[in-house]
Amino acid sequence: PRQPSPPPPSLVATLTASTFAAGLGLFFGGARLLSLEELSAQLCGGWRGDGALLSLTDTSGFQTLGCAPDGSIWLVSGFNEHRKSASWAEFLERVLQTTV
């Protein structure tokens, strides 16, 4: 069987930063960024990286972020999926540029 793809290193670095260790988290479009433990549970729970997106945010809002096996970041809203960046680092750079 195919082994799951690991999350991009830049995403893991973000999730292990002190704000996440303190349980504060980040929000994108009303959705909470999942913790490293929650992502690990997804990976161990059968996500295979076969084209399906790894959920990066909780699903309580109408929009969620996902990571493709190639590391690209996607915004999922209803039945629509839009590629937002080629990597997590690029995504964060764009978010910071538009919010600062």
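**Close-up 1. Thr-64 and the residues it touches.** In this predicted model, Thr-64 touches Thr-57, Asp-58, Thr-59, Trp-74, Leu-75 and Val-76, leaving out residues up to four places away in sequence. To find Thr-64, look in strand β4, which covers residues 63-67. Is Thr-64 buried or exposed? Its relative accessibility is 16%, and buried means under 20%, so Thr-64 counts as buried.

**Close-up 2. Thr-57, in the loop between β3 and β4.** One of the residues touched by Thr-64 is Thr-57, so let us visit that one next. Thr-57 is found in the loop that lies between β3 and β4. With a relative accessibility of 1%, Thr-57 counts as buried. Which residues is Thr-57 in contact with, if its neighbours within four places in sequence are left aside? They are Ala-31, Arg-32, Leu-33, Leu-34, Gln-63, Thr-64 and Leu-65.

Close-up 3. Now follow strand β4 into its sheet. Four strands make up this open sheet, in the order β3-β4-β5-β6, and their pairing is antiparallel. Which strands stand at the edges? They are β3 (54-55) and β6 (80-85); each has a single partner strand, so one side of each is left without a neighbour in the sheet. Look next at where β3 meets β4: these strands run antiparallel and are joined by two bridges. To see a bridge pair, find Ser-55, whose bridge partner in β4 is Gly-66.

Close-up 4. Side chains of opposite charge can pair when their charged atoms come close. How many salt bridges are counted in this model? The count comes to one. How accessible are the two partners? Arg-94 counts as partly exposed, at 43% relative accessibility. Glu-90 is partly exposed too, with a relative accessible area of 28%.

Conventions
Residues numbered from 1 in each chain as written. Predicted model: local features only at pLDDT ≥ 70, side-chain atom pairs only at ≥ 80, totals over all residues. Heavy atoms only, no water. Buried < 20%, exposed > 50% of the residue type's maximum accessible area, 1.4 Å probe, protein only. Contact = heavy atoms within 4.5 Å. Salt bridge = Lys/Arg side-chain N within 4 Å of Asp/Glu carboxyl O. Pairing = 2+ DSSP bridges.
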